[in-house]
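Here are my notes for you on this one, point by point. Have the structure open while you read.

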Amino acid sequence: MKDELDTKSQPVQAEPKVKDKEVSAPEDVEALDEMEIDKKRHLNVVFIGHVDAGKSTTGGQILFLSGQVDDRTIQKYEKEAKDKSRESWYMAYIMDTNEEERIKGKTVEVGRAHFETETTRFTILDAPGHKSYVPNMISGAAQADIGVLVISARKGEFETGYERGGQTREHVQLAKTLGVAKLLVVVNKMDDHTVNWSKERYDEIESKMTPFLRSSGYNVKKDVQFLPISGLVGTNMKTRVDKSTCPWWNGPCLFEALDSVEVPLRDPKGPFRMPIIDKFKDMGTVVMGKVESGSVREGDSLLVMPNKAQVKVLAVYCDENKVRCAGPGENLRVRLSGIEEEDILSGFVLSSVVKSIAAVTEFTAQLQILELLENAIFTAGYKAVLHIHSVVEECEIVELLQQIDPKTKKPMKKKVLFVKNGAVVVCRIQVNNLICIEKFSDFPQLGRFTLRTEGNGDKLFSLPINYCS
Ligand code: GTP
Ligand code: MG
């Protein structure tokens, strides 16, 4: 049985949290030559999907199959899970490291881990599925290049996740908004006795998901790939599923699919941008985040925006390694001098001094209204929570400027006072504190945002689009 969490006690603006699986002392590691780090390509993969779909189990199994976790540790987890009457959760314990997560069987903070295949270094980000922790999921997805959408094929579970209000839908829409360009859709729990590797069940899920993924903006032919797995047993993950288990599957296994995903283009020469997702004190101030543009190197002078603090880069760590230089797409820890840890908030951006990132309290944007609460209308005065890269900030719509005709994509002549579900509208948005933001046309990753409202347990609504001015 699932535990019900108390959704009402969760603040809307929960601080996005990321936990790290590797607790290594950065000082102990050797400096790597910058060439070494570039040998393999690097991909950040976020695991998303409805609560209990098997994200942590699948992530844990990946680490086990790639040799990151030994048998003894697995046995320890098996015992611990049994003691907590959660026998089947032992694989998830690899990713779910804190006590609260293990007791409840729910991921809360985004788990982070690393593994490698022949060609690629992967950073796995294991997002929570429970709706209370959507802000954490958003911070995980904001750091990702591609997503693994985990769907449970178990009877009834696919249905609950896919319903309006289920996190399968919300996660897909958020992932698209946050720049997750490609999705591997893994149909999980194929071993379950209600599924038993049934082709009918797999096809049913694929045929229901496909139109939804298309309507969420994914090019289903180019950017989406489906495959069946069992995360718990580890089937069709590192090696292809045996024909005796699944005679009808002729496609790749998960590792093959991950290996063949194309890496997005990145500009190592662009102005430096690294949204900060977390910070801590450790011989100076250390900030964590994913580089969205440009490169960073020991000794660089940078700005922490929006407070324009001048800082110097003392050291750069990539995964657990100290490196001299790192480029876009990397998840880093950067040790800084010139700023105190208390003066940094998540959502701030480490930026180059020349061409620094803009900081604003008001901006114009084009929004698509995805799912308004029943009977609600979208008008001036509407309050929501704005999520953009690692920023979470309350905002208010101060003025609707124009409605866009969805067919012609041109502005409509009529003055607009309110809009309903499905509308595309240009509006002015205000926040209380300065936030770092870019024009969508210059920097889609930092110009793409989501507004959400939460009330009475249901969430809601709109998709990005452009920050215009
Ligand atoms: P949240 O973090 O709460 O969103 O859940 P999650 O998606 O990480 O799910 P988790 O990995 O914690 O697994 C939830 C339950 O599903 C556990 O009891 C797992 O053992 C079970 N489960 C996961 N994958 C499989 C699978 O492939 N087959 C079967 N039979 N059960 C699975
Ligand atoms: Mg989990």
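1. Start on the surface: I377, L417 and F418 make up a nonpolar patch there, and together they have about 310 Å² of accessible area. Keep in mind as you look that this is a predicted model.

2. Where does L417 sit? You'll find L417 in the loop that links β21 (391-404) with β22 (418-419). Is L417 buried or exposed? The cut-off for exposed is over 50% relative accessible area, and L417 has 60% relative accessibility, so L417 counts as exposed.

3. For contrast, here's the general rule: in soluble globular proteins, nonpolar side chains tend to end up buried together. Turn to the inside with that in mind. The largest nonpolar core has 72 residues, and the members that touch the most others are M209, L213 and L258.

4. Zoom in on M209. Which residues does M209 contact, if you skip its neighbours within four places in sequence? They are L149, I151, F158, Y162, T168 and F226. Another core, of 26 residues, lies apart from the largest one, and its members include C395, L400, V431 and I435.

5. Finally, step back to the whole protein. Its secondary structure comes to 10 helices and 26 strands. Of its 469 residues, 56% count as buried. Take the contacts between residues at least 6 apart in sequence: 73% of them join residues at least 24 apart.

Technical notes: Residues are numbered from 1 along each chain as its sequence is written. Chains are lettered from A and ligands numbered from 1 in the order in which they are written. This is a predicted model: local features need pLDDT of at least 70, side-chain atom pairs count only at pLDDT 80 or more; totals for chains, interfaces and linings use all residues. Side-chain values use heavy atoms; hydrogens and water are left out. Patches are made of residues with over 30% relative accessible area and no salt bridge: like charges are joined within 9 Å, nonpolar side chains (Val, Leu, Ile, Met, Phe, Trp, Tyr) within 5 Å. Accessible areas come from the Shrake-Rupley method with a 1.4 Å probe; for residues, only the protein chains shown count as cover. A salt bridge is a side-chain nitrogen of Lys or Arg within 4 Å of a carboxyl oxygen of Asp or Glu. Helices (H or I, at least four residues) and strands (E, at least two) are DSSP runs, numbered from the N terminus. Buried means under 20% relative accessible area, exposed over 50%, partly exposed in between (1.4 Å probe, protein chains only). A nonpolar core is a set of buried Ala, Val, Leu, Ile, Met, Phe, Trp, Tyr and Cys residues joined through side-chain atoms within 4.5 Å. Contact means heavy atoms within 4.5 Å.
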